Amino acid sequence: MPNYLTSPPRTARLARWIGSCAAFAFVLALAVRGGIAHAAPTQGHTWANPVDIDYRYNFEQMNLGISYRTGADPAVVRYKHAYYLFLTLADGYWRSTDLVHWRFVKPDRWPFDSEVAPATLVAGGKLFLMQAAMGPRPLLYSTDPAHGHWKFWTRRLPPVPGAVSEGSPVGPGQLPPGPWDPGLFLDRDGKTYLYWDSSNIYPLYGAELDLRLDDTAAGEGKRLHFVTKPQPLLHADPEQHGWERFGRDHSDASIAPYIEGAWMNRHAGRYYLQYAAPGTEYNVYATGVYVGDGPLGPFHYAPYNPVGYKPGGFATGAGHGSTFRDAHGNYWNTGTSWIGLNWKFERRIDLFPAGFDADGQMWIDTRFGDFPHRMPDHPLRPGESTFTGWMLLSYRKHAFASSAMPGHPASDAFDENPRTFWLAASTAPGQTLTVDLGGPRTVHAIQVDFADYKSGRYGDAPDIYTRFQLQGSLDGKHWSMLADLSRSTRDRPNAYMEIDPAARVRYIRYVHGHVGAHHLAIAGLRVFGNEDGPPPAAPKLVSATRMADRRDATIAWNPVPGAVGYNVRWGIAPNRLYETYQRFADHPTRLELTSLNKTVTYYVAVEAFDERGVSVLSRVIRL
């Protein structure tokens with residue numbers, strides 16, 4: 001983990017030291033016995049979703065008194081040996097050199113009052129940025145994004161040919177206003193393409209766009225135009241594609257699905273047009289892909305869709321993101337994770353390994369997608385996993401707190417549900433939340449996921465930052481320091497800390513210092529590591545039955561004693577079970593699977609996991 005005590009803070013947050021340091025240090029000195037020195041967060045190279053960045057408090061629902069942090073629609077691009085992350089509704093962006101440690105950058109020019117669905121492009125030695133929003137929709141570029149320096153390439157994008165004005169009725173042959181949810185793509189021949197739309201009525205469109213990269217003059221007066229007429233590229237088809245149906249677990253047939261978030265990659269001479277469906281406000285928000293031989297198609301629906309899907313677990317949702325390569329040539333995919341506690345569009349972002357099989361099948365690995373993964377420092381071998389093998393040790397464990405408000409007990413921080421949370425009676429330094437792991441465990445990492453309960457914050461402010469300490473004990477009496485964020489200068493809604501060296505403890509205690517919200521609420525104190533012993537036995541897959549509606553299937557298996565949970569895995573071949581639905585053991589060992597493509601044959605299996613590890617797969621059944 002990074003040492004955030006020395007990381008450059010946001011300029012607006014330089015005053016964060018004031019007030020809380022002395023009181024917090026005094027309380028912690030009393031809390032830790034034996035004068036053990038404070039341990040700084042370690043400089044590890046693992047991460048866990050949701051990605052640990054300082055998500056901005058949203059201002060959209062201020063008139064309703066609804067306050068929440070959010071981040072969505074991530075666009076990641078590699079430029080000059082660093083990675084840049086842009087989000088919806090952010091007052092800047094983030095920079096990283098390793099995809100693990102991210103530093104916020106405040107730009108010197110940011111005309112996007114409500115930046116939505118940013119699009120990025122590296123072309124002509126420049127980093128371009130545009131957004132989906134009404135108004136001029138300026139296109140910016142930078143040759144020094146590390147220091148936040150930007151210029152206008154153009155102050156206005158070209159009108160979409162044939163598009164109607166906002167609020168006007170749509171007539172025959174007319175396009176909707178836009179471009180919404182844009183995606184930019186530079187092909188190897190130097191031609192630039194724009195893809196766009198976000199609608200449950202219209203398709204995704206694409207057209208060649210003239211960026212005039214050979215023009216080296218100042219960008220302020222550049223005039224852009226479409227080289228080709230915009231054309232529809234793909235439509236939603238929920239009658240054939242079960243995963244495109246709207247609602248939680250695809251259960252709401254009354255609303256047509258949204259398709260949005262276009263992103264294009266070229267791999268081995270083929271073009272992969274990615275899109276998100278059916279809606280960002282549900283657990284099944286996913287990424288699909290159409291494949292073609294050219295940047296404008298024609299495109300063909302991939303039978304293995306959805307390619308990125310994560311409906312179960314703590315962080316659910318994997319749609320509307322970006323696919324990119326790292327410095328070692330490995331592919332990664334970002335996505336949007338759904339919380340929906342305060343507002344249906346309360347979201348976070350996640351990061352998954354991705355890639356292509358030899359025959360061109362695209363895959364995104366979301367298995368154990370919110371457990372710790374290790375960032376590789378080399379090209380990954382075929383089949384090589386980034387999963388650390390550190391298991392969840394805190395699920396449904398006995399917990400207690402220094403205080404709790406009615407309806408929000410300490411146990412709510414250990415149910416793997418981001419919409420339930422422990423709520424302390426006070427935000428004063430010294431509040432504690434403690435979990436008994438049930439016996440000595442080897443702890444490798446801890447994630448603290450804060451919830452927003454009547455937070456009363458909108459936008460950024462100097463006092464929005466997170467401070468706490470994590471302590472460990474074998475007997476509940478003598479405590480050692482595991483991680484110290486008592487001098488942190490940034491907000492960490494999903495604070496992830498790798499414990500290096502690993503700690504042998506039974507109890508984990510959170511000791512509060514400061515949050516910028518009006519209440520202290522924690523949705524997850526998630527502890528990862530291992531219990532001694534062999535992994536669990538493989539579950540017995542009892543049945544896998546396709547229903548009369550072939551978009552649906554029922555999967556049933558026998559419970560495994562001591563299992564924490566199960567992964568139902570399926571795919572289009574026995575050795576390509578790329579899709580995963582994670583279920584915990586206190587749920588029925590039966591899954592109604594509703595995301596299948598009607599005409600595709602599948603194979604399905606189940607694996608069990610506990611605190612020791614993961615079982616081998618059950619038998620594989622053709623579905």
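Arg457 sits in the loop that joins strand 30 (432-450) to strand 31 (467-473); strands (E, at least two residues) and helices (H or I, at least four) are DSSP runs, numbered from the N terminus. The model is predicted, so local features need pLDDT of at least 70 and side-chain atom pairs count only at pLDDT 80 or more, while totals for chains, interfaces and linings use all residues. Residues are numbered from 1 along each chain as its sequence is written, and side-chain values use heavy atoms, with hydrogens and water left out. The protein chain has one helix and 41 strands.

**Surroundings of Arg457**

- Arg457 is buried, with a relative accessible area of 12%; buried means under 20% relative accessible area, exposed over 50%, and partly exposed in between (1.4 Å probe, protein chains only).
- A polar atom of the Arg457 side chain lies 2.5 Å from the backbone oxygen of Gly516.
- With neighbours within four places in sequence left aside, Arg457 is in contact (heavy atoms within 4.5 Å) with Tyr57, Asn58, Ser67, Asp463, Ile464, Gly516, Ala517 and His518.

- Of the 623 residues in the protein chain, 61% are buried.
- Among contacts in the protein chain with a separation of 6 or more, 65% join residues 24 or more positions apart.

**Nonpolar cores**

- A nonpolar core is a set of buried Ala, Val, Leu, Ile, Met, Phe, Trp, Tyr and Cys residues joined through side-chain atoms within 4.5 Å.
- The largest nonpolar core has 42 residues, of which Tyr195, Tyr275, Ile555 and Trp570 touch the most other members.
- Strand 18 (residues 270-277) gives the most to this core, with four residues.
- Not counting residues up to four places away in sequence, Tyr195 touches Asp181, Pro182, Gly183, Phe185, Tyr205, Gly206, Leu233, Ala262, Met264, Leu273, Pro295 and Leu296.
- In soluble globular proteins, nonpolar side chains tend to be buried together.

**Largest pocket**

- The largest pocket holds about 760 Å³ of space. On a 1 Å grid over the protein atoms alone, a pocket is an open set of points with protein on both sides within 12 Å along at least five of seven lines, whereas a cavity is a set of points where a 1.4 Å probe fits but cannot get out.
- Grid points are joined across faces, edges and corners, and a volume is the space filled by probe spheres set on the points.
- The largest pocket is lined by 30 residues (those with an atom within 4 Å of a point), and the closest to its centre are Trp363, Arg381, Pro382, Gly383 and Glu384.
- Strand 24 (347-356) and strand 25 (362-364) each supply at least two lining residues of this pocket, and strand 24 gives the most, with four.
- By class, the pocket lining has twelve nonpolar, ten polar and eight charged residues; Ala, Val, Leu, Ile, Met, Phe, Trp, Tyr, Cys and Pro count as nonpolar, Asp, Glu, Lys and Arg as charged, and the others, Gly among them, as polar.

**Cavities**

- There are ten cavities of 30 Å³ or more, and the largest cavity holds about 120 Å³ of space.
- Of the 16 residues that line the largest cavity, the closest to its centre are Ile339, Arg348, Pro418, Phe450 and Asn494.
- Strand 23 (331-338) and strand 30 are the elements that give two or more residues to the lining of the largest cavity.
- The lining of the largest cavity divides into ten nonpolar, two polar and four charged residues.

**Backbone geometry**

- Most residues other than glycine have a negative phi, and most peptide bonds are trans.
- The peptide bond from Ala277 to Pro278 is cis, with omega near -5°; Pro278 is placed in the loop between strand 18 and strand 19 (286-292).
- The peptide bond from Asn305 to Pro306 is also cis, with omega near -5°, and Pro306 is found in the loop between strand 20 (299-301) and strand 21 (316-319).
- Asp249, although not a glycine, has a positive phi of about 50°; Asp249 lies in the loop between strand 16 (231-234) and strand 17 (260-267) and counts as partly exposed at 25% relative accessibility.
- His250, likewise not a glycine, has a positive phi of about 60°; His250 is found in the loop between strand 16 and strand 17 and is buried, with a relative accessible area of 5%.

Notes: Polar contact = N/O pair within 3.5 Å; in protein donor to acceptor, adjacent residues only side chain to side chain.
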